[in-house]
Amino acid sequence: MSGVLEGFTVIFVVIALGYILAHFKVLGMHGQFVLSRLVFFVATPALLFVTLAQSDLAVILSPILVVAGVTALAVGTIYFLIAKLVLKRDIPEATIGGLASSYVNAANLGIPIAVFVLGDANFVAPLLLFQIMVYSPLALTVLDLSTMGKKASIRNIVVTPFRNPIVLAGAAGLLLSITGIELPEAIMQPFDLVGGAAVPGALLAFGLSLYGARVLQKGASPRRDVALASALKMVLQPALGYLMALAMGLEGHELFAITVISALPTAQNVFVYASRYNRGVVMARDTAFVTTLISIPVIALVTALLA
């Protein structure tokens, strides 16, 4: 339980710092906008490149990868369909909501919890790979195509993913990992240095966005969307992860690990993506905030039942 509290404490302290920066206007009127774009276009691609280039695919390709991928896609698709057919949301908003309901905070919260609660950071590595190389490219391609303002052609569908810096950086890092090529330290260190700003930058931008805003404020936030995404993220996804792991014959610590990972809250990256496309920003912010709070008792309950 101490590992859970430690991981969440780190997150809340950095978010609070972003809030303070906004209060004193340290970064000016457009601080959140500039910081979000810096994280999206520069820091996150650098982090993904270094992470994947140095990853051990033998460790990553595990049953957790299958469970993480299937459950995330299933929950995200469920939200997307409800948002389109019932809530009548446009494709960009439904896509952001799908991410908010299933895209796990695997880096800045998942890693410390994997270390302190599960005892091994490698438990979260398969989820990082799936989100970097499959989920993000898929969702970002949909966002790119649906916000172009023109009918998507076959050329646009094919070319668009390769214009996105996150997709390109992830692919480059994975290529290095597969081929075993090791770049000189003089080349990798700048990426490592810049990539180190991705996690704190995303948290600071999130904190900046909270200043002057009331989470779930009536009339300013799509509360039905937030409630739906939060319920899917914190109830359905952990339940699916647990049941799928059981169906695959997993038990003991592996079953516990998969359930805990599935119960992690919405990643702040979803807010960064929403800010980049200026669609579903409030919904992404509020869902990340709500699920982060709810995940504390949820992970504690999973730990008590399965650890």
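Residues are numbered from 1 along each chain as its sequence is written, and side-chain values use heavy atoms, with hydrogens and water left out. Local features need pLDDT of at least 70 and side-chain atom pairs count only at pLDDT 80 or more, while totals for chains, interfaces and linings use all residues.

**Overall fold and confidence**

The protein has 15 helices and zero strands; helices (H or I, at least four residues) and strands (E, at least two) are DSSP runs, numbered from the N terminus. Of its 307 residues, 50% count as buried, where buried means under 20% relative accessible area, exposed over 50%, and partly exposed in between (1.4 Å probe, protein chains only). Taking contacts (heavy atoms within 4.5 Å) between residues at least 6 apart in sequence, 85% join residues at least 24 apart.

The mean pLDDT, the predictor's confidence in each residue from 0 to 100, is 84 for the protein, and 87% of the residues reach 70 or more. Among the elements, H5 has the highest mean pLDDT (95) and helix H8 (residues 154-159) the lowest (59). Where pLDDT is low, the predicted coordinates should not be read in detail.

**Nonpolar cores**

A nonpolar core is a set of buried Ala, Val, Leu, Ile, Met, Phe, Trp, Tyr and Cys residues joined through side-chain atoms within 4.5 Å. The largest has 66 residues, and Leu 118 and Tyr 273 have the most contacts inside it. Helix H7 (residues 125-146) gives the most to this core, with nine residues. Apart from it lies another core of 14 residues, including Ala 22, Leu 210, Phe 271 and Ala 288. Leaving aside neighbours within four places in sequence, the contacts of Leu 118 include Phe 123, His 253 and Phe 256.

| Residue | Loop | Relative accessible area |
|---|---|---|
| Asp 90 | between helix H4 (63-85) and helix H5 (91-100) | 45% |
| Val 26 | between helix H1 (2-23) and helix H2 (31-53) | 53% |

Asp 90 is therefore partly exposed, at 45%. Leaving aside neighbours within four places in sequence, Asp 90 is in contact with Lys 84 and Arg 279. The C-alpha atoms of Asp 90 and Arg 279 are separated by 9.6 Å, although the two residues are 189 residues apart along the chain.

Val 26 counts as exposed because its relative accessibility is 53%.
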